[in-house]
Amino acid sequence: MSWLPKSPKARRRLTLVAAIAPVLALAVGLTLWGLSDSISFFYTPSQAEAAKPEPGRSIQLGGLVAAGSVVKHPDGRVEFTVTDQQASDRVVFQGDLPDLFREGQGVVAIGAFRADGVFEAKRVLAKHDERYMPREVEKALKDQGEWYGDGQRPEHVSKGSGAAE
Amino acid sequence: MIAEIGSFALILALALSIAQAALSWAARWRRSAVLAGGGEGAALAAFLSVAVAFAALMHAFVTSDFSVANVAANSHSEKPLLYRVAGTWGSHEGSMLLWCLALTGFGAAAAGLGRSLPRGLRAVTVGTQGLLGVVFLAYTVFASNPLTRLAQAPVEGRSLNPLLQDPALAVHPPFLYAGYVGMSVVFSFAVAALVEGRVDAAWARWVRPWTLAAWAFLTVGITLGAFWAYYELGWGGWWFWDPVENASFMPWLIAAALLHSAVVTEKRGALPGWTVFLALAAFTFSMLGAFLVRSGVLTSVHAFAVDPTRGVLLLIILGLTAGLGFTLFAWRAPSLQQGGVFAPVSRESALVLNNILLTAATATVLLGTLFPLIREAATGEAISVGPPYFNLTFTPLMTALMILLPVGPLLAWKRGDARAGVKRLWWAFAVAVAVGWVVFAAVAPRHGLGAAGVAMGVWLIAGALAEIFERIRLFRAPGGESWRRLWGLPRGAWGMTLAHLGLGVFVLGAVFETTWKVEAAEALPVGGSLDVGAYHVVLESIAPAPGPNYEAERGAVTVTKGGQVVCRAKPERRLYSAGGQTTSEVGLCYRGLSHIYLVLGERREAADQPVWLVRAYWNPWATLIFVGPAIMALGGLVSLSDRRLRLGVARRKEEETKA
């Protein structure tokens with residue numbers, strides 16, 4: 001094949017480029033598609049009110065579980081209110097709540113708003129660790145000036161993990 | 001007193017690491033065997049010191065010495081012994097100590113086993129390992145000391161998170177860390193190669209066993225973690241593309257790429273720069289993992305208690321170490337010799353393509369993992385990147401890799417014959433297509449992609465076998481000769497076959513489970529039942545079941561199929577009094593390779609009687625998901641035992657070059 005470069009080094013480079021280019025194109029293409037299409041936004045209830053995500057679009061709703069709002073139905077459905085003190089959303093969820101789900105604690109619900117404005121959660125996340133506050137929830141609450149520091153968490157937590165500091 | 005001895009030993013280890021680094025580097029520049037010996041001695045002593053500190057912390061956990069802050073925060077006197085031992089590495093501080101133990105342990109091993117290495121290379125390797133030891137021990141001593149005392153000891157500890165009180169998770173961190181930190185030796189070797197300007201076949205041969213060992217440990221660690229997530233979280237899944245999972249997966253992918261590129265460097269002397277680059281990248285990804293898990297910059301279901309200050313420190317360590325490593329690479333790599341040339345169709349090309357695909361896949365995982373951070377920094381919007389992204393990007397790249405995988409080992413070095421390769425593989429291809437077709441026709445509900453995935457798994461397994469058949473000339477040579485060749489095969493060849501076969505087994509399990517799993521959830525009173533797939537699940541009774549440090553409700557569940565009882569399971573729901581936390585203990589029924597997966601949920605009060613949320617999953621072929629990686633790790637170990645990798649060979653080679 002005369003159109004190939006003569007030196008073996010240049011030939012090898014050409015082969016490498018020919019091998020890398022399609023893979024790179026595939027990877028970049030898929031990544032861009034994936035990142036435009038299948039990421040989900042995180043909102044607190046007041047942010048969701050402002051952003052108005054279309055019904056059916058998968059998002060994450062984070063905030064505190066309003067005290068006294070949890071209704072557990074015998075058929076397995078749960079209803080509760082997620083609030084950031086400025087706005088709140090009613091969430092319905094079919095299934096078992098995570099082990100650390102508590103009223104007054106931070107949660108992240110993954111799912112979508114229904115047309116009637118109720119949030120239908122596919123999964124509810126509270127964390128393994130009772131010291132944990134979902135980072136987005138903590139940040140969003142801080143941004144909104146609704147963060148009361150450690151006082152909101154269980155009392156013994158203020159010692160934290162770091163007696164070493 | 002013992003905790004103080006531990007503290008002292010930890011600081012001593014830091015001092016010894018400083019000595020290790022200083023002596024070894026001095027030995028390199030002054031070409032002094034005495035100094036080098038001193039550096040190696042210091043490496044061994046540093047390991048022993050950290051071991052003493054680690055033993056002291058373990059002692060504090062076992063005896064429930066709550067005057068040690070870390071024990072008070074993470075242990076409880078009612079905890080079973082296994083979890084008190086495992087508590088040693090259950091917290092951030094303890095796990096950093098485990099990291100240091102592995103780091104100095106690998107340093108001591110490199111110093112002790114590296115007798116056959118050229119002196120300069122060995123001194124720089126031990127010295128670099130010493131510098132890494134200094135950095136991480138300094139971090140442990142000054143920023144996260146696990147042996148700090150409390151002025152006032154509490155009467156009772158706050159207990160280890162109950163979800164972590166599990167046998168698989170008790171042994172998961174040691175394996176994972178051995179894998180993560182095993183890459184540090186590879187990193188040190190790469191730095192030494194750059195300093196010495198020596199990246200050749202012998203170097204690649206020294207690096208390979210360390211990479212193999214680290215990769216095998218990492219495989220076991222990740223699999224144990226996935227298995228834990230599978231039966232302890234009670235979500236019915238085993239991989240969630242969670243940032244912490246990705247953090248352990250990226251070094252694994254890079255190590256896999258490195259294993260393959262090191263073969264090219266070893267056999268053909270080609271790709272030296274790329275191999276060194278991967279060697280540096282593997283440990284960089286390990287450190288990135290340590291940073292992601294501990295800093296709390298990403299939301300994860302597995303993160304440790306979050307501490308931003310430590311995150312910044314770890315980020316500085318990461319930047320400094322990787323930055324220096326890659327700067328050295330940029331400076332020295334152009335001077336590395338270029339190895340042999342090869343044709344576009346050759347074993348080398350196949351391995352290059354493997355590397356391109358593996359690194360591209362790693363890059364997509366990295367981008368998906370960090371994208372929430374980038375996006376938030378750029379626009380302030382919080383987002384999450386979930387499984388859909390990874391399925392879309394990672395899966396096609398891996399599919400391409402797996403289509404090509406069986407072909408590579410059948411091509412010759414330098415210049416391969418594609419047509420001959422095809423001829424040897426047509427039967428594997430035919431078997432894969434046939435099995436895929438049968439699955440498509442026979443398994444309900446009908447699922448084209450699932451059937452294609454099964455065909456892919458069969459293609460990998462048959463391809464791995466085809467390679468062995470080729471090596472023993474099955475059906476082409478007399479049976480006796482094939483038999484003799486089979487026994488004469490080097491362990492390295494068996495290792496490769498097992499690893500590729502294991503990947504195929506994993507693909508079979510993962511595809512089958514993901515495509516054909518069935519889920520059902522209902523609130524059941526005692527005596528109630530639900531159907532999942534072909535199975536009928538009856539909740540027979542609920543009884544209290546007290547444990548050592550928890551109270552549990554235990555359900556007795558009977559599973560029947562067509563009126564025949566197939567198994568009885570006892571899923572539990574446990575309440576840990578120490579933290580007020582509940583966990584689910586999944587009931588698993590093994591049906592061949594498949595599982596019936598039963599979760600007892602919370603109790604609800606219905607109108608006339610209490611009901612329990614029961615979830616049941618039919619997870620077909622789920623066992624293969626965990627058996628596959630186990631076979632891969634076994635392949636790594638078998639390959640590691642190959643006598644060609646024993647270091648004596650390398651020494652002989654060095655003497656030859658000297659002569």
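1. B:Gly182 is buried, because 29 other C-beta atoms lie within 10 Å; a residue counts as buried if 20 or more other C-beta atoms lie within 10 Å of its own, as exposed if 12 or fewer, and as partly exposed in between, with C-beta atoms placed from the backbone. The residue belongs to helix H7 (residues 167–196) of chain B. Helices (H or I, at least four residues) and strands (E, at least two) are DSSP runs, numbered from the N terminus. Leaving aside neighbours within four places in sequence, B:Gly182 is in contact with B:Phe106, B:Trp210, B:Ala213, B:Ala214 and B:Phe217. Contact requires that the C-beta atoms of two residues, placed from the backbone, lie within 7 Å. From B:Gly182 to B:Gly197 the C-alpha distance is 23 Å, for 15 residues in sequence.

2. On the basis of the model: it is predicted, local features need pLDDT of at least 70, side-chain atom pairs count only at pLDDT 80 or more, and totals for chains, interfaces and linings use all residues. Residues are numbered from 1 along each chain as its sequence is written, while chains are lettered from A and ligands numbered from 1 in the order in which they are written.

3. B:Trp206 lies in helix H8 (residues 201–232) of chain B. B:Trp206 counts as buried because there are 27 C-beta neighbours inside 10 Å. B:Leu169 is 37 residues away from B:Trp206 along the chain, and their C-alpha atoms are separated by 32 Å.

4. Helix H12 (residues 347–379) and helix H13 (residues 387–404) of chain B pack with their axes 10 Å apart, at an angle of about 170°. H12(B) is therefore roughly antiparallel to H13(B), a label for angles over 145 degrees, where under 35 is roughly parallel, 65 to 115 roughly perpendicular and the rest oblique. The axes are lines fitted to C-alpha atoms, for helices over the stretch in contact, and angles run from 0 to 180 degrees between N-to-C directions. Residues of H12(B) in this contact include B:Leu353, B:Leu357 and B:Ala361, and those of H13(B) include B:Phe390, B:Phe394 and B:Leu401. By class the contact has 15 nonpolar, four polar and no charged residues; Ala, Val, Leu, Ile, Met, Phe, Trp, Tyr, Cys and Pro count as nonpolar, Asp, Glu, Lys and Arg as charged, and the others, Gly among them, as polar.

5. Chain B is assigned domain 1 (1–164), domain 2 (166–404), domain 3 (410–516) and domain 4 (518–619), with bounds from an automatic or database domain assignment. The centres of domain 3 and domain 4 of chain B, taken over C-alpha atoms, are separated by 40 Å.

6. An open antiparallel sheet of four strands in chain B has the order S2-S11-S10-S9. Strand S2 (518–524) and strand S9 (587–591) are at the edges with a single partner strand each, so one side of each has no neighbour in the sheet. The twist averages 15° from one strand to the next. S10 (residues 594–605) and S11 (residues 610–619) of chain B are joined by nine antiparallel bridges; pairing requires that DSSP finds at least two bridges between two strands. B:Arg603 is opposite B:Trp612 in S11(B).

7. Strands S5 (residues 550–561) and S6 (residues 564–569) of chain B pair in the antiparallel sense over five bridges. B:Lys561 stands opposite B:Gln564 in S6(B). Two residues lie between the strands of this hairpin, in which B:Gly562 has a positive phi near 55°.

8. Chain A has three helices and seven strands, in the pattern α-β-α-β-β-β-β-β-β-α along the sequence. Of its 165 residues, 34% count as buried.
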